[in-house]
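Subject: Structure handover

Hello,

Here is the structure I promised to pass on. Please open it and keep it beside you while you read my notes.

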Amino acid sequence: MGRVFTSNPLSLSVPDPAFESWLRDSGYLEVLDNSSSSSAAAPNTTASATSTTVTHGILHYLWTLVSLFTVNPFSKLTTDDFSAATPSWTREFFGFLDSYAFPSSPETLRLRVLENVKRYARNYASLFILFFACSLYQMPLALVGLLSSLGLWDFFKFSNERWKLDQHPVIQQILIRIAQCATVVILICLNVQKALFSAFAVSYAVMLLHATFRKLTPAKQTSRGRSSR
């Protein structure tokens, strides 16, 4: 990235890793995204008609997509990301047509995924709840199993308060183990884990696709827009 800038009269230069670290700390991650996209597209304009360039471009895109499997999208996720305000679904999460672009390199892909998962953590969690509700709607037995397990523990709480099982810890622990075993049997027999897994698989795929192709937006501009609202 530092190669784009010409030398100044004092012959001072900033190393690329230090410059990128400053951009991250300053909140200007979208500069990294845009500059890497433009630098990757520049050398392809001169020989775009040759078959070698086309083959190289296809292999480059494939390698970039394959590198997605090496990224842990939750590595930078913290509990504070879920306690923050939910970003706007229209202007921030979905954006516009020019808000999406193919990542120019595996580094850009990793940068987008890690940052977008942090920014839109609450949006992705809401999508998971929505997909899980749709799975339960399509699998009525799973819905019955989930409600039955919740009702079982609610009945256990009612019994614990009514008969004061706290005064009998041995009996309380036995009843807890029985309730746990009954919950596992209900969830497995009524395919609640199948609905949960399908909802997680769909929401995880949607999250990766959105975080990969969604270009980074200015974080400071977003915060100013929220404060103005």
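In which loop is the place of Asn 191? Asn 191 sits in the loop between H9 and H10. Its phi is positive, about 60°, although Asn 191 is not a glycine. Asn 191 is partly exposed because its relative accessible area is 32%. The classes are these: buried is under 20% relative accessible area, exposed is over 50%, and partly exposed is in between, with a 1.4 Å probe and protein chains only.

Two notes on the source. This is a predicted model, where local features need pLDDT of at least 70 and side-chain atom pairs count only at pLDDT 80 or more, while totals for chains, interfaces and linings use all residues. Residues are numbered from 1 along each chain as its sequence is written, and side-chain values use heavy atoms, with hydrogens and water left out.

**Overall build**

The protein has 11 helices and 0 strands. Helices (H or I, at least four residues) and strands (E, at least two) are DSSP runs, numbered from the N terminus. Of the 229 residues, 29% count as buried. The accessible surface is about 15200 Å². Carbon and sulfur atoms account for 67% of that surface. Areas come from the Shrake-Rupley method with a 1.4 Å probe; for residues, only the protein chains shown count as cover.

Now the contacts (heavy atoms within 4.5 Å). Take those between residues at least 6 apart in sequence: 82% of them join residues at least 24 apart.

**H7 against H10**

Look at helix H7 (residues 121–138) and helix H10 (residues 192–213). Their axes come within 8 Å and cross at roughly 145°. Axes are lines fitted to C-alpha atoms, for helices over the stretch in contact, and angles run from 0 to 180 degrees between N-to-C directions. H7 contributes residues including Tyr 124, Phe 128 and Phe 132 to the contact. From H10 come, among them, Leu 196, Phe 200 and Met 207. The residues of this contact divide into 14 nonpolar, 4 polar and no charged. Here Ala, Val, Leu, Ile, Met, Phe, Trp, Tyr, Cys and Pro count as nonpolar, Asp, Glu, Lys and Arg as charged, and the others, Gly among them, as polar.

**The cores**

A nonpolar core is a set of buried Ala, Val, Leu, Ile, Met, Phe, Trp, Tyr and Cys residues joined through side-chain atoms within 4.5 Å. The largest has 13 residues. Val 113, Val 117 and Tyr 124 have the most contacts inside it. Helix H6 (106–119), H7 and H10 each give two or more residues to this core. H6 provides the largest share, 4 residues. Another core, of 6 residues, lies apart from it, and includes Phe 132, Leu 136, Ala 142 and Val 192.

What does Val 117 touch, not counting residues up to four places away in sequence? The list is Pro 73, Phe 74, Leu 77, Tyr 124, Met 207 and Ala 211.

- Phe 69 lies in the loop between helix H3 (51–66) and helix H4 (79–83). Phe 69 counts as exposed because its relative accessibility is 74%. Phe 69 and Leu 208 are 139 residues apart in sequence, but 9.9 Å apart in space, C-alpha to C-alpha.
- Lys 164 is in the loop between helix H8 (140–162) and helix H9 (169–189). Its phi is positive, near 50°, and Lys 164 is a residue other than glycine. With a relative accessible area of 49%, Lys 164 is partly exposed.
- Arg 110 is in helix H6. Arg 110 counts as partly exposed, at 45% relative accessibility.

Best wishes
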